[in-house]
Amino acid sequence: MTPSTRPDAAAATAQPWWNRQRPSAMPVHRYRQPRAAAPLEPAQRSWLGTPLTRAPLWSSVDLRDGNQALANPMDRARKLEMFRLLVRMGFKDIEVGYPSSSEAEFQFVRDLVEADLIPDDVTITVFTPAKAELIERTFDSIRGTDRAIVHLCHATACLWRDVVFRMSPSEVLDLARVSARQLVRLADRSRQPVRFQYSPETFNVTEPEFALEISNLVADIVEATPDRPLTLNLPTTVETDSPDYFADQIQWMHRSLERRDSIILSVHPHNDRGTAVAAAEYALAAGADRVEGTLFGNGERTGNVCLVTLALNLFSRGIDPQLDISDIGAIREIVERCNEMPVHARHPYAGDLVFTAFSGTHQDAVAKGLAALDAEAATTGRSVRELPWQVPYLPIDPRDVGRSYEAIIRVNSQSGKGGIAHVLRAERGIELPVPVRVEFAKIVQRVTDVTGHEVSSVKLWDLFCDEYCGIDSGATVRMRCDGGGTGDVVVSLPGLEPIAVPAADAAADLVTALGEQGVQVELSELVTGETGAPGTAGSQAVAYARIRTPAGERPVWGVGFSSVPALAGARAVLAALRRGGVLAERDQPAPLAAREAGR
Ligand code: KIV
Ligand code: ZN
(Lines give C-alpha, C1' and ligand atoms only; values in the text may rest on other atoms or scores of the structure.)
(Ligands and ions follow the chains in the order given, each with its own letter.)
Protein backbone atom coordinates (compact mmCIF):
# COMPACT_ATOMS: atom_id res chain seq x y z
CA MET A 1 0.00 0.00 0.00
CA THR A 2 1.24 3.54 -0.80
CA PRO A 3 2.50 5.23 2.38
CA SER A 4 0.48 8.33 3.23
CA THR A 5 3.46 10.01 4.89
CA ARG A 6 7.10 10.44 3.93
CA PRO A 7 8.47 6.92 4.31
CA ASP A 8 12.02 8.13 4.97
CA ALA A 9 10.99 10.41 7.81
CA ALA A 10 11.79 9.41 11.36
CA ALA A 11 9.06 9.42 13.95
CA ALA A 12 8.68 12.73 15.70
CA THR A 13 10.68 12.45 18.89
CA ALA A 14 8.01 13.95 21.11
CA GLN A 15 5.49 11.30 20.23
CA PRO A 16 4.72 8.30 22.45
CA TRP A 17 5.39 4.79 21.11
CA TRP A 18 1.71 4.15 20.41
CA ASN A 19 1.45 7.04 17.98
CA ARG A 20 3.01 5.82 14.74
CA GLN A 21 2.21 8.88 12.67
CA ARG A 22 5.08 10.25 10.61
CA PRO A 23 5.77 13.79 9.33
CA SER A 24 3.85 14.57 6.17
CA ALA A 25 5.17 16.17 3.03
CA MET A 26 2.77 19.11 3.36
CA PRO A 27 4.45 22.55 2.99
CA VAL A 28 3.83 23.55 6.61
CA HIS A 29 6.83 25.89 6.67
CA ARG A 30 4.79 28.36 4.60
CA TYR A 31 2.38 28.91 7.46
CA ARG A 32 4.71 29.27 10.43
CA GLN A 33 4.16 33.00 10.75
CA PRO A 34 4.26 34.32 14.30
CA ARG A 35 0.91 34.99 15.83
CA ALA A 36 0.34 38.59 16.85
CA ALA A 37 0.89 39.09 20.56
CA ALA A 38 -2.28 38.39 22.51
CA PRO A 39 -3.30 41.67 24.07
CA LEU A 40 -4.67 40.09 27.20
CA GLU A 41 -2.67 38.47 29.95
CA PRO A 42 -4.17 35.09 30.89
CA ALA A 43 -4.76 36.40 34.41
CA GLN A 44 -7.04 39.14 33.05
CA ARG A 45 -9.12 36.73 31.05
CA SER A 46 -12.62 36.65 32.49
CA TRP A 47 -14.62 35.43 29.48
CA LEU A 48 -13.51 31.83 30.03
CA GLY A 49 -16.22 30.00 31.88
CA THR A 50 -18.65 32.94 31.69
CA PRO A 51 -21.94 31.46 30.53
CA LEU A 52 -24.17 33.48 28.23
CA THR A 53 -27.37 34.55 29.91
CA ARG A 54 -29.18 36.52 27.25
CA ALA A 55 -29.47 37.01 23.53
CA PRO A 56 -27.21 39.64 21.96
CA LEU A 57 -28.45 42.22 19.50
CA TRP A 58 -28.56 40.25 16.27
CA SER A 59 -27.67 41.91 13.02
CA SER A 60 -28.33 40.11 9.76
CA VAL A 61 -25.87 40.77 6.96
CA ASP A 62 -27.55 38.32 4.57
CA LEU A 63 -28.46 41.13 2.21
CA ARG A 64 -24.94 42.62 2.14
CA ASP A 65 -22.09 40.27 3.06
CA GLY A 66 -24.13 37.18 2.20
CA ASN A 67 -25.32 38.70 -1.04
CA GLN A 68 -21.82 39.81 -2.04
CA ALA A 69 -20.72 36.18 -1.82
CA LEU A 70 -23.30 34.74 -4.22
CA ALA A 71 -22.55 33.63 -7.76
CA ASN A 72 -25.84 35.25 -8.75
CA PRO A 73 -26.50 38.09 -6.33
CA MET A 74 -30.13 38.40 -5.31
CA ASP A 75 -32.32 40.53 -7.53
CA ARG A 76 -34.69 43.02 -5.91
CA ALA A 77 -37.51 40.49 -5.64
CA ARG A 78 -35.32 37.93 -3.89
CA LYS A 79 -33.85 40.62 -1.64
CA LEU A 80 -37.32 41.68 -0.63
CA GLU A 81 -38.32 38.11 0.14
CA MET A 82 -35.24 37.74 2.34
CA PHE A 83 -35.89 41.10 4.03
CA ARG A 84 -39.47 40.11 4.83
CA LEU A 85 -38.28 36.81 6.26
CA LEU A 86 -35.76 38.58 8.50
CA VAL A 87 -38.44 40.95 9.74
CA ARG A 88 -40.82 38.06 10.43
CA MET A 89 -38.13 36.27 12.40
CA GLY A 90 -37.72 39.31 14.63
CA PHE A 91 -34.50 40.93 13.42
CA LYS A 92 -34.45 44.62 14.35
CA ASP A 93 -31.06 45.45 12.86
CA ILE A 94 -30.71 44.51 9.20
CA GLU A 95 -27.91 45.46 6.85
CA VAL A 96 -29.83 45.80 3.60
CA GLY A 97 -27.06 46.37 1.11
CA TYR A 98 -24.09 48.16 -0.37
CA PRO A 99 -25.98 50.86 -2.29
CA SER A 100 -23.01 52.42 -4.05
CA SER A 101 -21.94 49.10 -5.56
CA SER A 102 -24.66 48.80 -8.21
CA GLU A 103 -27.88 50.28 -9.45
CA ALA A 104 -29.81 47.23 -8.23
CA GLU A 105 -28.38 47.60 -4.72
CA PHE A 106 -29.21 51.29 -4.66
CA GLN A 107 -32.71 50.73 -5.97
CA PHE A 108 -33.44 48.06 -3.39
CA VAL A 109 -32.83 50.54 -0.59
CA ARG A 110 -35.01 53.07 -2.40
CA ASP A 111 -37.74 50.42 -2.75
CA LEU A 112 -37.72 49.87 1.02
CA VAL A 113 -37.83 53.57 1.80
CA GLU A 114 -40.29 54.70 -0.84
CA ALA A 115 -42.75 51.85 -0.35
CA ASP A 116 -42.50 52.28 3.41
CA LEU A 117 -41.56 48.64 3.92
CA ILE A 118 -39.42 49.11 7.01
CA PRO A 119 -41.33 48.45 10.24
CA ASP A 120 -41.04 51.13 12.91
CA ASP A 121 -38.93 48.99 15.20
CA VAL A 122 -36.47 47.90 12.51
CA THR A 123 -33.33 49.88 11.69
CA ILE A 124 -31.68 49.32 8.34
CA THR A 125 -27.94 49.60 7.79
CA VAL A 126 -26.26 50.56 4.53
CA PHE A 127 -22.64 49.70 3.91
CA THR A 128 -20.01 52.00 2.41
CA PRO A 129 -16.29 51.82 1.79
CA ALA A 130 -14.19 54.82 2.85
CA LYS A 131 -14.38 56.70 -0.46
CA ALA A 132 -15.90 60.16 -0.64
CA GLU A 133 -18.09 59.66 -3.72
CA LEU A 134 -19.34 56.28 -2.47
CA ILE A 135 -20.22 57.75 0.93
CA GLU A 136 -22.23 60.48 -0.88
CA ARG A 137 -24.10 57.88 -2.91
CA THR A 138 -24.82 55.87 0.23
CA PHE A 139 -26.46 58.84 1.88
CA ASP A 140 -28.50 59.41 -1.29
CA SER A 141 -29.89 55.89 -0.97
CA ILE A 142 -31.41 56.51 2.47
CA ARG A 143 -32.98 59.87 1.72
CA GLY A 144 -36.33 60.06 3.48
CA THR A 145 -35.81 57.25 6.01
CA ASP A 146 -36.96 57.64 9.60
CA ARG A 147 -33.85 55.94 10.85
CA ALA A 148 -30.80 54.25 9.37
CA ILE A 149 -27.24 53.33 10.17
CA VAL A 150 -24.46 54.20 7.75
CA HIS A 151 -21.71 51.61 8.01
CA LEU A 152 -18.19 52.83 7.19
CA CYS A 153 -15.53 50.21 6.60
CA HIS A 154 -11.91 49.99 5.57
CA ALA A 155 -9.12 47.56 6.31
CA THR A 156 -6.60 48.35 9.03
CA ALA A 157 -4.16 45.42 9.15
CA CYS A 158 -0.51 45.71 8.24
CA LEU A 159 -0.70 43.41 5.19
CA TRP A 160 -3.54 45.47 3.72
CA ARG A 161 -1.84 48.79 4.57
CA ASP A 162 1.39 47.66 2.91
CA VAL A 163 0.17 45.58 -0.02
CA VAL A 164 -3.34 46.75 -0.85
CA PHE A 165 -3.42 50.49 -0.05
CA ARG A 166 0.31 51.23 0.25
CA MET A 167 -0.46 53.50 3.17
CA SER A 168 1.35 54.12 6.44
CA PRO A 169 -0.55 53.70 9.71
CA SER A 170 -0.95 57.47 10.00
CA GLU A 171 -2.36 57.65 6.46
CA VAL A 172 -4.91 54.99 7.40
CA LEU A 173 -5.78 57.03 10.51
CA ASP A 174 -6.28 60.01 8.21
CA LEU A 175 -8.55 57.97 5.96
CA ALA A 176 -10.71 57.06 8.96
CA ARG A 177 -10.70 60.66 10.19
CA VAL A 178 -11.69 62.17 6.83
CA SER A 179 -14.36 59.56 6.16
CA ALA A 180 -15.89 59.81 9.63
CA ARG A 181 -16.03 63.59 9.32
CA GLN A 182 -17.80 63.21 5.99
CA LEU A 183 -20.35 60.92 7.65
CA VAL A 184 -21.08 63.51 10.30
CA ARG A 185 -21.35 66.30 7.72
CA LEU A 186 -23.72 64.39 5.46
CA ALA A 187 -25.85 63.23 8.39
CA ASP A 188 -26.16 66.81 9.63
CA ARG A 189 -27.04 67.99 6.16
CA SER A 190 -29.69 65.30 5.70
CA ARG A 191 -31.41 66.27 8.99
CA GLN A 192 -32.31 62.63 9.41
CA PRO A 193 -31.73 60.61 12.56
CA VAL A 194 -28.80 58.70 11.10
CA ARG A 195 -26.50 56.63 13.30
CA PHE A 196 -23.07 55.28 12.44
CA GLN A 197 -21.29 51.98 12.31
CA TYR A 198 -17.55 51.62 11.91
CA SER A 199 -15.70 48.41 11.00
CA PRO A 200 -11.93 48.24 11.08
CA GLU A 201 -11.94 45.46 8.49
CA THR A 202 -9.26 42.81 9.16
CA PHE A 203 -9.46 43.71 12.87
CA ASN A 204 -8.36 40.26 13.98
CA VAL A 205 -4.98 40.62 12.27
CA THR A 206 -4.50 44.30 13.09
CA GLU A 207 -2.08 45.34 15.84
CA PRO A 208 -4.40 45.68 18.88
CA GLU A 209 -3.08 49.13 19.81
CA PHE A 210 -3.69 50.42 16.28
CA ALA A 211 -7.21 48.96 16.19
CA LEU A 212 -7.94 50.65 19.51
CA GLU A 213 -6.51 53.99 18.41
CA ILE A 214 -8.50 54.13 15.18
CA SER A 215 -11.72 53.00 16.91
CA ASN A 216 -11.36 55.67 19.62
CA LEU A 217 -10.68 58.23 16.90
CA VAL A 218 -13.88 57.41 14.98
CA ALA A 219 -15.95 57.32 18.18
CA ASP A 220 -14.63 60.80 19.02
CA ILE A 221 -15.33 62.25 15.58
CA VAL A 222 -18.93 61.00 15.52
CA GLU A 223 -19.28 62.13 19.14
CA ALA A 224 -20.71 58.82 20.24
CA THR A 225 -22.97 59.09 23.28
CA PRO A 226 -25.17 56.55 25.07
CA ASP A 227 -28.15 58.13 23.27
CA ARG A 228 -26.50 58.01 19.90
CA PRO A 229 -24.02 55.15 20.22
CA LEU A 230 -21.50 54.14 17.59
CA THR A 231 -21.72 50.51 16.49
CA LEU A 232 -18.11 49.38 16.51
CA ASN A 233 -17.98 46.17 14.54
CA LEU A 234 -14.88 44.02 14.97
CA PRO A 235 -14.57 41.36 12.27
CA THR A 236 -12.50 38.28 11.80
CA THR A 237 -12.48 39.18 8.13
CA VAL A 238 -10.51 36.00 7.47
CA GLU A 239 -10.58 33.73 10.52
CA THR A 240 -6.93 32.99 11.27
CA ASP A 241 -6.73 32.06 14.93
CA SER A 242 -8.54 30.00 17.50
CA PRO A 243 -11.70 31.41 19.10
CA ASP A 244 -10.01 31.94 22.48
CA TYR A 245 -7.57 34.29 20.82
CA PHE A 246 -10.39 36.33 19.30
CA ALA A 247 -12.14 36.43 22.68
CA ASP A 248 -8.99 37.86 24.24
CA GLN A 249 -8.89 40.54 21.54
CA ILE A 250 -12.53 41.44 22.18
CA GLN A 251 -12.17 41.52 25.93
CA TRP A 252 -9.15 43.77 25.62
CA MET A 253 -11.05 46.19 23.35
CA HIS A 254 -14.08 46.02 25.65
CA ARG A 255 -11.91 47.07 28.59
CA SER A 256 -9.78 49.59 26.74
CA LEU A 257 -12.22 51.61 24.60
CA GLU A 258 -12.52 55.20 25.82
CA ARG A 259 -16.23 55.71 25.17
CA ARG A 260 -17.30 52.18 26.01
CA ASP A 261 -20.71 53.25 27.31
CA SER A 262 -21.36 54.98 23.99
CA ILE A 263 -20.37 52.00 21.87
CA ILE A 264 -22.38 48.99 20.77
CA LEU A 265 -19.55 46.48 20.61
CA SER A 266 -20.23 44.16 17.71
CA VAL A 267 -18.45 41.13 16.26
CA HIS A 268 -18.51 39.79 12.74
CA PRO A 269 -16.91 36.34 12.68
CA HIS A 270 -16.13 34.58 9.44
CA ASN A 271 -15.72 30.84 9.41
CA ASP A 272 -12.43 30.09 7.66
CA ARG A 273 -11.27 27.77 10.43
CA GLY A 274 -14.77 26.43 10.99
CA THR A 275 -14.91 28.03 14.45
CA ALA A 276 -17.06 31.10 13.83
CA VAL A 277 -19.80 29.94 16.19
CA ALA A 278 -17.31 29.38 19.01
CA ALA A 279 -15.63 32.71 18.24
CA ALA A 280 -18.97 34.54 18.46
CA GLU A 281 -19.99 32.82 21.69
CA TYR A 282 -16.66 33.49 23.40
CA ALA A 283 -16.69 37.08 22.13
CA LEU A 284 -20.10 37.64 23.68
CA ALA A 285 -18.80 36.25 26.96
CA ALA A 286 -15.85 38.64 26.59
CA GLY A 287 -18.04 41.74 26.37
CA ALA A 288 -19.54 42.01 22.88
CA ASP A 289 -23.14 43.23 22.66
CA ARG A 290 -24.02 42.43 19.09
CA VAL A 291 -23.32 39.76 16.48
CA GLU A 292 -23.39 40.13 12.73
CA GLY A 293 -23.98 37.01 10.70
CA THR A 294 -26.29 35.31 8.25
CA LEU A 295 -28.94 32.61 8.15
CA PHE A 296 -27.23 29.23 7.82
CA GLY A 297 -23.85 30.94 7.47
CA ASN A 298 -23.82 32.19 3.89
CA GLY A 299 -21.02 34.67 3.20
CA GLU A 300 -17.61 35.12 1.65
CA ARG A 301 -15.53 31.88 1.29
CA THR A 302 -16.57 29.65 4.20
CA GLY A 303 -19.24 32.12 5.16
CA ASN A 304 -20.30 34.33 8.03
CA VAL A 305 -21.27 32.96 11.40
CA CYS A 306 -24.65 31.21 11.29
CA LEU A 307 -27.14 33.18 13.36
CA VAL A 308 -29.64 30.32 13.41
CA THR A 309 -27.06 28.10 15.08
CA LEU A 310 -26.10 30.78 17.59
CA ALA A 311 -29.74 31.50 18.41
CA LEU A 312 -30.67 27.84 18.81
CA ASN A 313 -27.56 27.17 20.89
CA LEU A 314 -28.96 29.73 23.33
CA PHE A 315 -32.42 28.19 23.06
CA SER A 316 -31.02 24.73 23.82
CA ARG A 317 -29.58 26.12 27.08
CA GLY A 318 -32.91 27.65 28.09
CA ILE A 319 -32.16 31.21 26.94
CA ASP A 320 -34.73 33.03 24.81
CA PRO A 321 -33.02 33.73 21.47
CA GLN A 322 -35.42 36.62 20.76
CA LEU A 323 -35.80 35.29 17.22
CA ASP A 324 -38.63 33.16 15.96
CA ILE A 325 -37.20 29.94 14.55
CA SER A 326 -40.27 27.86 15.22
CA ASP A 327 -40.51 26.82 11.56
CA ILE A 328 -36.93 26.21 10.55
CA GLY A 329 -38.00 24.30 7.44
CA ALA A 330 -39.85 27.30 6.04
CA ILE A 331 -36.92 29.59 6.86
CA ARG A 332 -34.53 27.22 5.18
CA GLU A 333 -36.69 26.97 2.09
CA ILE A 334 -36.73 30.75 1.62
CA VAL A 335 -33.01 31.10 2.27
CA GLU A 336 -32.19 28.32 -0.16
CA ARG A 337 -34.36 29.94 -2.80
CA CYS A 338 -32.92 33.43 -2.26
CA ASN A 339 -29.30 32.29 -2.11
CA GLU A 340 -29.72 29.54 -4.71
CA MET A 341 -27.63 27.39 -2.39
CA PRO A 342 -28.60 24.30 -0.40
CA VAL A 343 -28.23 23.98 3.35
CA HIS A 344 -25.98 21.04 4.16
CA ALA A 345 -27.63 17.86 5.45
CA ARG A 346 -25.51 18.07 8.60
CA HIS A 347 -25.99 21.79 9.25
CA PRO A 348 -26.83 22.28 12.96
CA TYR A 349 -30.55 22.27 13.66
CA ALA A 350 -31.52 22.73 9.99
CA GLY A 351 -29.90 19.93 8.00
CA ASP A 352 -31.97 17.03 6.75
CA LEU A 353 -30.15 14.52 8.92
CA VAL A 354 -29.58 16.38 12.17
CA PHE A 355 -32.56 14.91 13.97
CA THR A 356 -32.07 11.47 12.52
CA ALA A 357 -30.46 8.42 14.08
CA PHE A 358 -29.35 5.52 11.92
CA SER A 359 -27.24 3.61 14.41
CA GLY A 360 -29.01 0.96 16.43
CA THR A 361 -27.76 2.06 19.84
CA HIS A 362 -28.74 5.67 19.18
CA GLN A 363 -32.15 4.63 17.88
CA ASP A 364 -32.76 2.51 20.91
CA ALA A 365 -31.83 5.34 23.26
CA VAL A 366 -33.92 7.90 21.36
CA ALA A 367 -36.91 5.56 21.32
CA LYS A 368 -36.57 4.96 25.07
CA GLY A 369 -36.20 8.66 25.76
CA LEU A 370 -39.33 9.50 23.76
CA ALA A 371 -41.27 6.70 25.42
CA ALA A 372 -40.15 7.92 28.87
CA LEU A 373 -41.44 11.41 28.07
CA ASP A 374 -44.76 9.97 26.87
CA ALA A 375 -45.03 7.98 30.09
CA GLU A 376 -44.25 11.05 32.19
CA ALA A 377 -46.85 13.05 30.29
CA ALA A 378 -49.43 10.32 30.89
CA THR A 379 -48.74 10.10 34.63
CA THR A 380 -48.55 13.86 35.22
CA GLY A 381 -51.43 14.73 32.90
CA ARG A 382 -49.26 17.30 31.13
CA SER A 383 -48.48 17.52 27.47
CA VAL A 384 -45.03 16.37 26.37
CA ARG A 385 -44.45 19.87 24.98
CA GLU A 386 -44.58 21.26 28.53
CA LEU A 387 -42.08 18.81 30.01
CA PRO A 388 -38.36 19.52 30.26
CA TRP A 389 -36.69 18.01 27.23
CA GLN A 390 -34.44 15.08 28.04
CA VAL A 391 -33.97 12.67 25.20
CA PRO A 392 -30.61 11.04 24.52
CA TYR A 393 -28.91 12.15 21.32
CA LEU A 394 -31.40 14.93 20.60
CA PRO A 395 -30.24 18.34 21.84
CA ILE A 396 -33.68 19.90 21.36
CA ASP A 397 -37.18 18.67 20.62
CA PRO A 398 -37.38 18.80 16.80
CA ARG A 399 -41.00 19.91 17.11
CA ASP A 400 -39.87 23.14 18.79
CA VAL A 401 -38.35 24.20 15.49
CA GLY A 402 -41.21 22.83 13.43
CA ARG A 403 -39.61 19.55 12.54
CA SER A 404 -41.29 16.22 13.06
CA TYR A 405 -40.40 13.00 14.77
CA GLU A 406 -41.02 11.06 11.60
CA ALA A 407 -37.55 11.46 10.27
CA ILE A 408 -35.79 11.02 13.59
CA ILE A 409 -35.17 7.35 13.25
CA ARG A 410 -34.36 5.87 9.91
CA VAL A 411 -33.45 2.34 9.12
CA ASN A 412 -30.37 1.03 7.35
CA SER A 413 -27.76 -1.65 7.97
CA GLN A 414 -26.56 0.24 11.09
CA SER A 415 -29.97 0.19 12.68
CA GLY A 416 -31.30 -2.00 15.43
CA LYS A 417 -34.47 -3.40 16.84
CA GLY A 418 -35.20 -0.30 18.94
CA GLY A 419 -35.24 1.96 15.91
CA ILE A 420 -37.30 -0.40 13.83
CA ALA A 421 -39.79 -0.77 16.67
CA HIS A 422 -39.88 3.01 17.02
CA VAL A 423 -40.64 3.55 13.33
CA LEU A 424 -43.47 1.00 13.44
CA ARG A 425 -44.80 2.54 16.64
CA ALA A 426 -44.56 6.12 15.37
CA GLU A 427 -45.88 5.46 11.89
CA ARG A 428 -48.26 2.53 12.35
CA GLY A 429 -49.11 2.72 16.03
CA ILE A 430 -48.08 -0.86 16.76
CA GLU A 431 -46.03 -2.03 19.71
CA LEU A 432 -44.08 -5.10 18.67
CA PRO A 433 -43.57 -7.81 21.33
CA VAL A 434 -39.87 -8.04 22.16
CA PRO A 435 -39.23 -11.42 20.44
CA VAL A 436 -40.87 -10.12 17.25
CA ARG A 437 -38.67 -7.00 17.39
CA VAL A 438 -35.55 -9.09 17.66
CA GLU A 439 -36.57 -11.42 14.87
CA PHE A 440 -37.79 -8.72 12.51
CA ALA A 441 -34.62 -6.64 13.03
CA LYS A 442 -32.60 -9.59 11.74
CA ILE A 443 -34.85 -9.89 8.72
CA VAL A 444 -34.45 -6.18 7.95
CA GLN A 445 -30.72 -6.40 8.49
CA ARG A 446 -30.45 -9.16 5.90
CA VAL A 447 -32.17 -6.89 3.39
CA THR A 448 -30.11 -3.79 4.17
CA ASP A 449 -26.86 -5.76 4.21
CA VAL A 450 -27.56 -6.95 0.69
CA THR A 451 -29.00 -3.77 -0.79
CA GLY A 452 -26.71 -1.40 1.16
CA HIS A 453 -29.57 1.08 1.18
CA GLU A 454 -31.76 2.69 3.72
CA VAL A 455 -35.22 1.15 4.16
CA SER A 456 -37.95 3.76 4.04
CA SER A 457 -40.74 3.56 6.57
CA VAL A 458 -43.11 2.52 3.78
CA LYS A 459 -40.77 -0.26 2.71
CA LEU A 460 -40.34 -1.33 6.32
CA TRP A 461 -44.06 -1.69 6.65
CA ASP A 462 -44.25 -3.69 3.41
CA LEU A 463 -41.52 -6.00 4.68
CA PHE A 464 -43.33 -6.44 7.96
CA CYS A 465 -46.73 -7.19 6.44
CA ASP A 466 -45.29 -9.50 3.88
CA GLU A 467 -43.29 -11.40 6.46
CA TYR A 468 -45.82 -11.67 9.30
CA CYS A 469 -49.33 -10.96 8.07
CA GLY A 470 -49.92 -13.06 4.94
CA ILE A 471 -52.21 -16.08 5.11
CA ASP A 472 -52.31 -19.06 2.77
CA SER A 473 -53.97 -18.38 -0.55
CA GLY A 474 -57.44 -19.76 -0.56
CA ALA A 475 -57.81 -19.26 3.22
CA THR A 476 -60.65 -17.02 4.38
CA VAL A 477 -61.72 -15.70 7.77
CA ARG A 478 -65.00 -13.99 8.57
CA MET A 479 -67.48 -13.30 11.33
CA ARG A 480 -70.86 -14.98 11.50
CA CYS A 481 -73.14 -13.12 13.84
CA ASP A 482 -75.98 -14.83 15.60
CA GLY A 483 -78.06 -11.69 15.96
CA GLY A 484 -77.75 -11.77 19.75
CA GLY A 485 -74.64 -9.66 19.90
CA THR A 486 -72.23 -12.65 19.92
CA GLY A 487 -70.93 -14.63 17.01
CA ASP A 488 -68.53 -17.15 15.55
CA VAL A 489 -65.36 -16.82 13.60
CA VAL A 490 -65.62 -18.93 10.47
CA VAL A 491 -62.38 -20.12 8.89
CA SER A 492 -61.99 -21.92 5.57
CA LEU A 493 -58.70 -23.52 4.66
CA PRO A 494 -57.95 -25.43 1.48
CA GLY A 495 -58.21 -29.18 2.04
CA LEU A 496 -59.89 -28.85 5.46
CA GLU A 497 -63.47 -28.82 6.70
CA PRO A 498 -64.75 -25.29 7.44
CA ILE A 499 -64.19 -24.33 11.08
CA ALA A 500 -66.47 -22.19 13.23
CA VAL A 501 -65.30 -21.14 16.70
CA PRO A 502 -66.79 -18.72 19.24
CA ALA A 503 -65.41 -15.21 18.93
CA ALA A 504 -64.62 -15.00 22.64
CA ASP A 505 -61.46 -17.11 22.43
CA ALA A 506 -61.14 -17.49 18.70
CA ALA A 507 -57.37 -17.95 18.39
CA ALA A 508 -57.09 -20.73 20.99
CA ASP A 509 -60.27 -22.48 19.80
CA LEU A 510 -59.09 -22.32 16.20
CA VAL A 511 -55.89 -24.13 17.14
CA THR A 512 -57.91 -26.80 18.95
CA ALA A 513 -60.22 -27.22 15.95
CA LEU A 514 -57.24 -27.55 13.63
CA GLY A 515 -55.90 -30.33 15.86
CA GLU A 516 -59.18 -32.16 15.47
CA GLN A 517 -58.58 -32.18 11.71
CA GLY A 518 -55.03 -33.48 12.09
CA VAL A 519 -53.17 -30.18 11.99
CA GLN A 520 -51.17 -30.43 15.22
CA VAL A 521 -49.95 -27.05 16.44
CA GLU A 522 -49.70 -25.42 19.84
CA LEU A 523 -50.54 -21.77 20.53
CA SER A 524 -47.69 -20.88 22.88
CA GLU A 525 -48.34 -17.14 23.13
CA LEU A 526 -50.98 -14.66 22.08
CA VAL A 527 -50.39 -10.92 22.50
CA THR A 528 -53.24 -8.59 21.66
CA GLY A 529 -53.51 -4.84 21.44
CA GLU A 530 -54.65 -1.95 19.35
CA THR A 531 -52.92 0.18 16.77
CA GLY A 532 -52.67 3.79 17.89
CA ALA A 533 -54.40 5.12 20.96
CA PRO A 534 -57.23 2.75 21.99
CA GLY A 535 -60.62 3.78 20.74
CA THR A 536 -59.29 6.52 18.45
CA ALA A 537 -60.44 6.84 14.87
CA GLY A 538 -58.63 4.47 12.58
CA SER A 539 -57.36 2.26 15.37
CA GLN A 540 -57.56 -1.48 14.79
CA ALA A 541 -57.16 -4.63 16.82
CA VAL A 542 -53.82 -6.34 16.40
CA ALA A 543 -52.83 -9.85 17.54
CA TYR A 544 -49.44 -11.57 17.62
CA ALA A 545 -49.72 -15.36 17.75
CA ARG A 546 -46.81 -17.68 18.40
CA ILE A 547 -47.32 -21.28 17.42
CA ARG A 548 -45.21 -24.40 17.77
CA THR A 549 -45.47 -27.20 15.33
CA PRO A 550 -44.42 -30.74 16.25
CA ALA A 551 -41.81 -30.68 13.49
CA GLY A 552 -40.67 -27.06 13.83
CA GLU A 553 -37.53 -26.39 15.88
CA ARG A 554 -38.46 -22.82 16.62
CA PRO A 555 -41.81 -21.23 17.37
CA VAL A 556 -43.27 -19.08 14.61
CA TRP A 557 -44.94 -15.70 14.99
CA GLY A 558 -47.80 -14.46 12.87
CA VAL A 559 -49.63 -11.14 13.06
CA GLY A 560 -53.25 -10.29 12.33
CA PHE A 561 -55.06 -6.96 12.03
CA SER A 562 -58.80 -6.40 11.97
CA SER A 563 -61.41 -4.03 13.26
CA VAL A 564 -62.80 -7.09 15.13
CA PRO A 565 -60.44 -8.42 17.83
CA ALA A 566 -61.53 -12.05 17.31
CA LEU A 567 -60.72 -11.86 13.59
CA ALA A 568 -57.29 -10.31 14.35
CA GLY A 569 -56.54 -13.29 16.64
CA ALA A 570 -57.65 -15.86 14.06
CA ARG A 571 -55.69 -14.12 11.31
CA ALA A 572 -52.58 -14.09 13.49
CA VAL A 573 -52.86 -17.90 13.91
CA LEU A 574 -53.32 -18.38 10.17
CA ALA A 575 -50.37 -16.10 9.43
CA ALA A 576 -48.19 -18.13 11.78
CA LEU A 577 -49.38 -21.37 10.12
CA ARG A 578 -48.35 -19.95 6.78
CA ARG A 579 -44.95 -18.76 8.00
CA GLY A 580 -44.32 -22.15 9.54
CA GLY A 581 -45.32 -23.87 6.29
CA VAL A 582 -47.80 -25.94 8.28
CA LEU A 583 -50.31 -26.29 5.49
CA ALA A 584 -47.44 -26.72 3.05
CA GLU A 585 -48.84 -24.55 0.33
CA ARG A 586 -46.33 -24.91 -2.43
CA ASP A 587 -47.44 -22.14 -4.74
CA GLN A 588 -46.91 -19.33 -2.20
CA PRO A 589 -44.40 -16.68 -3.29
CA ALA A 590 -41.36 -16.29 -1.04
CA PRO A 591 -41.73 -13.43 1.45
CA LEU A 592 -40.63 -9.99 0.27
CA ALA A 593 -37.64 -9.92 2.63
CA ALA A 594 -36.29 -13.14 1.17
CA ARG A 595 -36.78 -11.81 -2.35
CA GLU A 596 -35.06 -8.52 -1.48
CA ALA A 597 -32.16 -10.24 0.28
CA GLY A 598 -31.74 -12.67 -2.61
CA ARG A 599 -31.52 -9.97 -5.26
O1 KIV B 1 -15.66 40.54 6.88
C2 KIV B 1 -15.54 41.76 7.03
O3 KIV B 1 -14.52 42.27 7.51
C4 KIV B 1 -16.65 42.58 6.62
C5 KIV B 1 -16.62 44.00 7.06
C6 KIV B 1 -17.30 44.85 6.09
C7 KIV B 1 -17.25 44.10 8.39
O8 KIV B 1 -17.58 42.10 6.04
ZN1 ZN C 1 -17.64 39.96 6.33
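Let me begin at Glu223, which takes a positive phi of about 50° just after helix 7, where helices (H or I, at least four residues) and strands (E, at least two) are DSSP runs numbered from the N terminus. This is a predicted model, in which local features need pLDDT of at least 70, side-chain atom pairs count only at pLDDT 80 or more, and totals for chains, interfaces and linings use all residues. Residues are numbered from 1 along each chain as its sequence is written, chains are lettered from A and ligands numbered from 1 in the order in which they are written, and side-chain values use heavy atoms, with hydrogens and water left out.

Turning to helix 7 itself, eleven of its 14 residues are buried, so the helix is largely enclosed by the rest of the structure; buried means under 20% relative accessible area, exposed over 50%, and partly exposed in between, with a 1.4 Å probe and protein chains only. Among the buried residues are Pro208, Phe210, Leu217 and Ile221.

In helix 5 (residues 158–165) we find Val163, which is exposed, with a relative accessible area of 52%.

Finally, there is an open sheet of three strands in the order 9-10-11, with antiparallel pairing, where two strands pair if DSSP finds at least two bridges between them. Strand 9 (476–481) and strand 11 (499–502) stand at the edges with a single partner strand each, so one side of each has no neighbour in the sheet. Strand 10 (residues 487–492) is joined to strand 11 by four bridges, and Val490 stands opposite Ala500 in strand 11.
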